[in-house]
Amino acid sequence: MQRAAAFFWRHRGPVLTVLAALPALAPLLRPGLIRAMDAYVHAFRLAEFHRVLATGTLLPRWAPNFGYGYGDGVFNFYAPLTYYLAEVFHVLDLDLVLSLKAVWVLTVLLAALAMYTWTREIFGRERIAAPFLSAVAYVYFPYFLVNLYERGALAEALAMAVAPLAAWVLHRLIVERRLVYVPVAALTLAALLLAHNIAALMFAPALGVYCLALLVSQRAHWRRGLLLLGAAGLLFLALTAFYWLPAWAELPLVSAEHLTEEVFDPRTMLVPLTGLVQTSLVYDYVQKNMALVPLLLALVGLAVPLVARLKRAPRGLLATLAGLAAVQLLFMTDLTRPLWNAVGLVSHVWPWRFLAGVGLCLAPLIGSLAMLMPEMRRREQATLGWKASIAYLWWCGPPIIAAILIASATAGLPGGHWHLTDSELTVAGVHRQEYLTGHMGASISSEYVPAWVEWKPGEIPRRPLTADERGIDPAARPPTVQVIEHTPFTLRLATSGAGPVVLHAFYYPTQQATIDGRPVPVRPVGPLGLAAIDVPAGAHQVALYHADTPVRLAGNVISLAALLTLAGLCFWAARWRGLAALVVPALLLVPILSLPALTAPSSAPPPIQPLAVDFGDSLRLVGYRLDDAANLTLYWQARGPITEPYRVVLGWQAADGTVWSHREGDPVHGTAPMTTWEVGEVMPDPWVLALPSEAPPGDYRLLLAVLDPAGEPLGITSLTTWTVTRPAASPVEPAFQYLRDLVLGDETGQIAFAGFDLGTWAETGGPAPVRPSQSLDVVLGWHARGIVRDDYSVALALRDGRGQTHAQRDFLPVLDLPPTTQWPEGQLVTRQYELTVPADLGPGAYELCLSLYDGLTGRRLLDPNAGLADVPLARVKVPYPHEAAPSHPIDAIQLDDRIALVGYDVTPEPLRVGPNRDEALVLTLYWRCLAPIATSYTVSAQVIGPDGVLWGQEDFEPVGSTYLTTDWGVGEVIPDTYRIVIWEGAPPGEYHLAVNLYEKATGATVPPGGIRVTFGSLAAAP
């Protein structure tokens, strides 16, 4: 205990900082991936990054499986540090999704400790409270959490975590002017750039002005500080030359202009000065503007040292940070529109991104609030002990301010998760997401697609290409091809004859080709800009692969030389510190440098089996590869223009003729129909075709067929055999709380709804009572009947009795559920879903409904028998309060022992009537439920004239048929409004209001036998 207390006392500042940062990690505790905008993008990119590393490529630049399998240059331009860090965790045996979440955790903790370290330098190293408060303010600065949990911009959040570390190193470099800080500063700035290049650009002005302020404060030694700062900057640029130099040189080679289109115009994102700051104490994460609570605390924090004139208050630096924050906030407003007009469109530079620099500058200002706490002398510390010190810290208030910051930032924090696992981060998953979103390369606007691609992803035609749209003459006969070897960066072909060979790959200048070992040119063809090689007559061996350009090699050499220079500076500046500065990064780099060997498959992939099987005159199967995990890759060649949408059918046929694991669909997961293939194009087509566990032992033949649009086979072939020796498994299906015999589907496939579980929240005899912001968990079970040809999305919705939707959540293929095209026929598929009740949902009854729809066309699957598009799962209700304040309260009139009328509102008063027109009044009845009601009654609201004649009536089930009497809960007071038309010719005088309740179907009334309850009067005049 004493050792623990002593450790805590020595490191109480960092320990308290880490503990305060833990609530920011709460959303990561649930399984799955954070349901943020770009979180799944990082997951798919990490999976592709890992696949490229596993080939032995240390610096991934090209993503061969992105862009529908055509390839994409995302890794050449997007900062890679996030993925390298995730790979380190993956090497430590975490799966890819958990590795990504581990980087989330690392980012939060690094942000807290880096800000603590920097502000301790500002406020004095003996202080704890001010750095602690600054760290809390930074971690819970809403834009930092926006990046983590709303945008899912993990790389930008990582840059925000590194930025205060860079500020601390630059501070030490300028103030202490020691050579050892030059390599440390260079490494830290390199980490900032490699975390997120755009964020580094946004931080650069703030860090530059901060350094200038420090140089001014070092009047006598500013020259040496400036010299060391320049050396660190040059070393930083050299260290990162392997990244920024090729990215800068190759930017014209991709479609970066997509990010300067109107939808991304920063001038459309400027806000008026009055809309710059939110007015709510709880941050609204839908808007990307300044939070109120940290801004108010920062203003107070700036005033404290200036007004109180505390001795240790760093007034100059705080004033500089305040000015930087003000300027960056100004750049978000309409006031700077002329400047934005002059600069024009800049890729990825959007006004709200200045909030990252604002958070960096405001956190120390908030921390300065703790400067009001008088310092405790060391003698007093030793006398009071660590317990009294904790009490002293609390007494001074920083933890209270920290709690306010945490509460205001986390109260509205977005929630939700994707049920994404490593098994779904496949090439097929990438293609489906690209196809559903219309974005190639898992990027916001396909900006890394090569510039030779004339069609945008959403414009790539699904119809047959015309002769003018083709890059190869439709009449040309391409050489006969056999596929010999295929890796992500190499495709070796054996050809015969003369003509063009077109690859299913976008052309990019890093591609190099050889024929029989001799270099030959690669050229782009067609509107898709596919890579083509002209092969001369005769039998030849053709190879196509990616190679480094001179610019890339120059960047690599410069970075390597800078790394050696950095090591030399470390040893020269201070031997033991230099050794530590060299050894520690080396230890971190060892796993990264070893990744290709550590993550490479334990054995080489099986060889490709060459084939020459023709399906019609224009399609040939030229090879296939099948591994032990049932990953099948087919290799096709278009021998001529394919004018009809052929489909591929695969399955394992047992000895008794039964076909297992039946698959049918378009090649490349539906993203590249055969009608869009160029003449001579060679197409790798991946499939997953594992036999289910219940398949009996025996020999199975892998059958392949190609069907024409009418479903007639163009040909059938047997590829290989597979022997199953294990015993057949008997699948155990879970018991559902509710069973449903319902089939949704059409000619594209049918899906049987097996049942569902609602959990404990729905265990009630009537509508399940729920509360605003409550999560409704639902487990759904499905069976695929036959072949499902499309990937459907699931939608859960809350709708009222009028059919109005009050909440809806859509669950996407791959991210939230296994793609329906991969469902084995007859096998149960289950998944848990979650729908959150809106926080502002008013009292009433609602239907929890389920629907399936095609995410591309919006077409919903219907029950072919009942014609249902929405499947009702449960009736829920937000209960009415037990008290109400009608304008005309009355002593409770009990219709029976279950229902009482306790008051009413009526307008207008007095009522106007006339001989030549209808008039209307609005009557609101207030019912109190005294006991559960098993019958749904209709209310008849009536107006009785002075002559005793009925002059107006409206009959409806309560609350406009949306909150039936069977929905009422004991004690609830239900306001029930009716618009009653007073018919033409009504006489003036005193009118009476009356009601009765009856059952529509049977005529049964409340009370039995019927009674008209008269409860109020109303004067009427002409």
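Which side chains meet in a salt bridge at 3.9 Å, N to O? They are those of Arg552 and Asp548. A salt bridge here is a side-chain nitrogen of Lys or Arg within 4 Å of a carboxyl oxygen of Asp or Glu.

Good morning. The structure is a predicted model, in which local features need pLDDT of at least 70, side-chain atom pairs count only at pLDDT 80 or more, and totals for chains, interfaces and linings use all residues. Residues are numbered from 1 along each chain as its sequence is written, and side-chain values use heavy atoms, with hydrogens and water left out.

Let me stay with the opening pair. Arg552 is buried, at a relative accessible area of 6%, whereas Asp548 is partly exposed, at 36%. Buried means under 20% relative accessible area, exposed means over 50%, and partly exposed lies in between, with a 1.4 Å probe and protein chains only.

By this rule, the structure has 20 salt bridges. One of them joins Arg172 to Glu121, with the closest N and O atoms 3.5 Å apart. This pair links distant parts of the chain, since Arg172 lies in helix H9 (residues 154–176) and Glu121 in helix H6 (residues 96–123), 51 residues apart. Both Arg172 and Glu121 are buried. Helices (H or I, at least four residues) and strands (E, at least two) are DSSP runs, numbered from the N terminus.

Another salt bridge brings together Glu847 and Arg875, at 3.8 Å from N to O. Here the partners sit in two strands, Glu847 in S26 (residues 844–854) and Arg875 in S27 (residues 871–878), 28 residues apart. Glu847 is partly exposed at 24%, and Arg875 is partly exposed at 27%.

I turn now to the aromatic rings. The structure holds 25 aromatic pairs. Rings of Phe, Tyr and Trp (its six-membered ring) pair if their centres lie within 6.5 Å; planes under 30 degrees apart count as stacked, over 60 as edge-to-face, and the rest as tilted. The rings of Tyr283 and Tyr285 have centres 4.9 Å apart and planes at 80°, so this pair is edge-to-face. Tyr283 is buried, at 4% relative accessibility, and Tyr285 is buried as well, at 3%.

Finally, consider Thr924, which is placed in strand S31 (residues 919–929). Thr924 is buried, with a relative accessible area of 11%. Its side chain makes a polar contact with the side chain of Thr977, at 2.9 Å. A polar contact is a pair of N or O atoms within 3.5 Å; within protein, one must be able to donate a hydrogen and the other to accept it, and residues adjacent in sequence count only if both atoms are side-chain atoms. Thank you.
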